[in-house]
Amino acid sequence: QILQKADHPFLVGMEFVFQSDTRIYFIMKFVRGGELFMHLRKARQFTEKRAKFYSLTVALALGHLHNQKIIYRDLKPENILMGEDGYITLTDFGLAKILEGDEQAQSFCGTPEYLAPEIIDELGHSFPVDWWALGVLTYEMIVGFPPFYTGHSNNVKMYELIKTKPVFFPDADKHGIAMTDECKHFINGLLDKNPANRIGTKGGLKEIISHPFFADLDV
């Protein structure tokens, strides 16, 4: 049912379904360019302009899912595929869930570096966790690693940073990573610890794409 609703240019939806005597087959679009993860590791960091383009296309994909009452919950570079035309598409809906009305999801799931505070606290969560993950993704594309990454296999410390630490932005002169004020404001708004105050919570996709960060971009 989720794959049937994933009919959008920036989502790898289901093309056909058929079955044999023993199996059911789901036929999905082949995306030739590989994972965004691979491209990011090769480049180490993307320019803000390039990251902005990918962030907007991801936002459009998430907005479509939310309009279909689907929470995605697994945004990360490994689940973003690059098309031959340079546009990206989201794939892997294994953690996606349909939420009805004011329903809250309760499962502790997702990639540790991308978990929103409300998932870690197991308070119940909804669509704002996807906008949080978009903030993490935007930061990682420009800086080269997630904003609360510790480098340790034990995630306890990282979870504490996710819940309490403000976002650190690298110094342009010292670290050689330039970020505009609009970019920092966008990331900070997405990474608001309180989901009620997070960009996209009240205004949805419209609030995201109308942010000044995207003012000079036309997809």
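Guide: Let's talk about some helix packing first, and then about spaces in the model. Keep in mind that this is a predicted model.

Visitor: Okay, at what angle do helix 3 and helix 5 cross?
Guide: Roughly 165 degrees. Helix 3 covers residues 48-67, helix 5 covers residues 128-143, and their axes come within 9 Å.

Visitor: And what does that make helix 3 relative to helix 5?
Guide: Roughly antiparallel, because angles over 145 degrees count that way.

Visitor: Is that crossing left-handed or right-handed?
Guide: For helix 3 and helix 5, the crossing is right-handed.

Visitor: Which residues meet there?
Guide: On the helix 3 side, they include Glu48, Tyr54, Val58, Leu62 and His66. Among their partners in helix 5 are Asp130, Trp131, Leu134, Leu137 and Met141. Sorted by class, this contact has 10 nonpolar, four polar and two charged residues.

Visitor: What about helix 5 and helix 8, how do they pack?
Guide: Their axes are 7 Å apart, at an angle of about 145 degrees. Helix 8 spans residues 181-190. Here the crossing is left-handed.

Visitor: Which residues of helix 8 take part?
Guide: Cys183, Phe186, Ile187 and Leu190. They meet a set in helix 5 that includes Trp132, Gly135 and Tyr139. Leu134 of helix 5 is in this set, and Leu134 also turns up in the contact with helix 3.

Visitor: How many charged residues are in the contact of helix 5 with helix 8?
Guide: None; that contact has nine nonpolar and two polar residues.

Visitor: What's around it, I mean which residues line the largest cavity?
Guide: There are 13 lining residues, and Arg73, Tyr114, Ile119, Val129 and Ala133 lie nearest the centre of the cavity. Helix 5 shows up again, giving the largest share of the lining with three residues. By class, the cavity lining has eight nonpolar, two polar and three charged residues.

Visitor: And how much space is in the largest pocket?
Guide: About 190 Å³.

Visitor: Who sits nearest the centre of that pocket?
Guide: Arg41, Glu78, Glu113, Glu140 and Pro146, out of 13 lining residues. The pocket lining divides into six nonpolar, two polar and five charged residues.

Note on methods:
Residues are numbered from 1 along each chain as its sequence is written. This is a predicted model: local features need pLDDT of at least 70, side-chain atom pairs count only at pLDDT 80 or more; totals for chains, interfaces and linings use all residues. Side-chain values use heavy atoms; hydrogens and water are left out. Axes are lines fitted to C-alpha atoms, for helices over the stretch in contact, and angles run from 0 to 180 degrees between N-to-C directions. Helices (H or I, at least four residues) and strands (E, at least two) are DSSP runs, numbered from the N terminus. Angles under 35 degrees count as roughly parallel, over 145 as roughly antiparallel, 65 to 115 as roughly perpendicular and the rest as oblique. A crossing is left-handed if the near helix is turned anticlockwise from the far one by less than a right angle, and right-handed if clockwise. Contact means heavy atoms within 4.5 Å. Ala, Val, Leu, Ile, Met, Phe, Trp, Tyr, Cys and Pro count as nonpolar, Asp, Glu, Lys and Arg as charged, and the others, Gly among them, as polar. On a 1 Å grid over the protein atoms alone, a cavity is a set of points where a 1.4 Å probe fits but cannot get out, and a pocket is an open set with protein on both sides within 12 Å along at least five of seven lines; lining residues have an atom within 4 Å of a point. Grid points are joined across faces, edges and corners, and a volume is the space filled by probe spheres set on the points.
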